[in-house]
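Here is a walk through one part of a structure, taken step by step from the packing of helices to a pair of rings. Please keep the sequence and the three-dimensional view at hand while reading.

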Amino acid sequence: MIEIQNVRKSFGPLEVLKGIDLTVQRGEVLTVIGGSGSGKSTLLTCINGLEPIHSGKILVDGTEVHAKSTNLNKLRQKIGIVFQQWNAFPHLTVLENVTLSPRKVLGMGKAEAEVIAEKQLKHVGLGDKLSTYPSRLSGGQQQRMAIARALAMSPDYMLFDEVTSALDPQLVGEVLETLKMLAEEGMTMICVTHEMTFARDVSDRVAYFHQGIMAEIGAPDQLFGDPQHPETRRFLASVR
Amino acid sequence: MFDTALSSSDLLFLAKGAGMTIIVTVISVTIGTVLGILFGVIRVQLGAVLSAPLTFFLDIFRSVPLLIQLVLANAFMGMVLRLQLSGFTVACMVLSLYTAAYCSEIVRGSIDAVPSTTRRAARSLGMSWAQDMRYIVMPLATRVALPSWIGLALGVMKDSALVYVVQVTELLKSTQILITRLQEPLFLLMICGAFYFLISFPLARFGGYLEKRWSND
Ligand SMILES: Nc1ncnc2c1ncn2[C@@H]1O[C@H](COP(=O)(O)OP(=O)(O)OP(=O)(O)O)[C@@H](O)[C@H]1O
Ligand SMILES: [Mg+2]
């Protein structure tokens, strides 16, 4: 369970998160939508401790992320995150990209890590690209590799930050299919997305962020069908 | 033109000078590179403000002509610190710091060239700072740094000709000694140049080989 309690965060004078309260249950798929600069990416990077927060608390399975005593490297093993830019490790093959962390962080043997990596890469449809270097992959393939790389750590939670935004339109579908598959398998996910159809089809709940505040949260039918907050209405009208 | 007074023992003398050039270069580039990596990483970690004293210290070695550094260092070691160091030791010390100063610039720039988003991805997979450095940053930065580093090593090799001022007889000094005796400057300089080329060539080729090998990714 991820519990976000009254979290505030600023970059210099700019307050980016203005008191966010949000709980995500195991097995839940939450999508986060909202305008540019509303703090969606910042929230995700705070959840796995890549960014500090200024007040409030984030608990992952009861562990306080920003407590001094928390071992972040250990905590991050159970929170996978995939970014808009796919961030392949360009000097490693696809297989090595995926086995690196299981081997070095989890201390797995090479053979064991490769079995897991191959399984995850097949899962995202890259079973035939194991010894290819990332530069020879399309954007969609690199993004699916990044997903497999995160999954190879057997995380309990997956955070996705606009993973299709940097892709050519014809490659968006394959990545969304991969996310859908994960959702159906019961993975706990927080997906920041601009793909409203995806949000509607896949989510258990949808949250709308506006200028550092979670203006509205609800089931997809409710949020898309009958938005309560005027900003949500304005936003949905603008993206339709 | 090939009617020369150069004897085989003279050639041996030149070869010994070349050997000295290689030894001084290898020692200085090795120590200088290790120090340069250390200083470069420290500078990146501390940021520009906190590392300003170190940067200033290194800038001295980059901006004062090497000849002056050698003479001053030699005098400083002997007269101020009262250390009985050989010219060879002083030469290696000065050239090592000279290399380290340039190398730390290369290292700093190459580490900065690794996208912060790539490092963020590594950390988000649970890698520690040290693991990110070792498995992601260093391999990628090395690829960026290689051409400049090869240039630096070749430059230090040629600059090492100046260590004659602290009584180290390397290749160019050996050549000059022979020129004084044999009075065949052009021919001897040609041979000297050929020696320099023979020393440089393998390193330059090795660099080319590595660049090619790494270009797959
Ligand atoms: N590292 C940073 N330093 C300073 N300001 C930042 C930093 N990261 C984000 N910001 C600012 O914080 C605000 C929120 O950014 P964030 O990336 O969380 O928005 P977002 O909702 O993800 O937007 P988008 O849809 O454009 O990705 C923006 O105004 C952004 O400029
Ligand atoms: Mg964002």
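In this predicted model, helices α7(B) and α8(B) are roughly antiparallel to each other, because an angle over 145 degrees counts as such and their axes cross at roughly 160°. Helix α7 covers residues 171-182 of chain B and helix α8 covers residues 185-214 of chain B, and the two axes come within 9 Å. The crossing in which α7(B) passes α8(B) is right-handed.

On the side of α7(B), the contact is made by B:Leu171, B:Leu172, B:Thr175, B:Leu178, B:Ile179 and B:Leu182, while α8(B) contributes B:Pro185, B:Leu188, B:Leu189, B:Cys192, B:Phe195 and B:Tyr196.

The UniProt record, an unreviewed entry, lists several stretches of chain B under "transmembrane region", among them residues 54-77 and 186-204. In the model, residues 186-204 of chain B are 100% helix and 0% strand, with the end C-alpha atoms 26 Å apart. For residues 54-77 of chain B the corresponding values are 92% helix and 0% strand, and there the end C-alpha atoms are 21 Å apart.

Helix α8 of chain B also holds B:Phe197 and B:Phe201, which are four residues apart and therefore separated by about one helical turn. Over all chains, the count of aromatic pairs comes to five. The rings of B:Phe197 and B:Phe201 have their centres 5.3 Å apart and their planes at 35°, so this pair is tilted.

Conventions: Residues are numbered from 1 along each chain as its sequence is written. Chains are lettered from A and ligands numbered from 1 in the order in which they are written. This is a predicted model: local features need pLDDT of at least 70, side-chain atom pairs count only at pLDDT 80 or more; totals for chains, interfaces and linings use all residues. Side-chain values use heavy atoms; hydrogens and water are left out. Axes are lines fitted to C-alpha atoms, for helices over the stretch in contact, and angles run from 0 to 180 degrees between N-to-C directions. Helices (H or I, at least four residues) and strands (E, at least two) are DSSP runs, numbered from the N terminus. Angles under 35 degrees count as roughly parallel, over 145 as roughly antiparallel, 65 to 115 as roughly perpendicular and the rest as oblique. A crossing is left-handed if the near helix is turned anticlockwise from the far one by less than a right angle, and right-handed if clockwise. Contact means heavy atoms within 4.5 Å. UniProt positions are given in the numbering used here, feature names are shortened, and annotations may be inferred rather than shown by experiment. Rings of Phe, Tyr and Trp (its six-membered ring) pair if their centres lie within 6.5 Å; planes under 30 degrees apart count as stacked, over 60 as edge-to-face and the rest as tilted.
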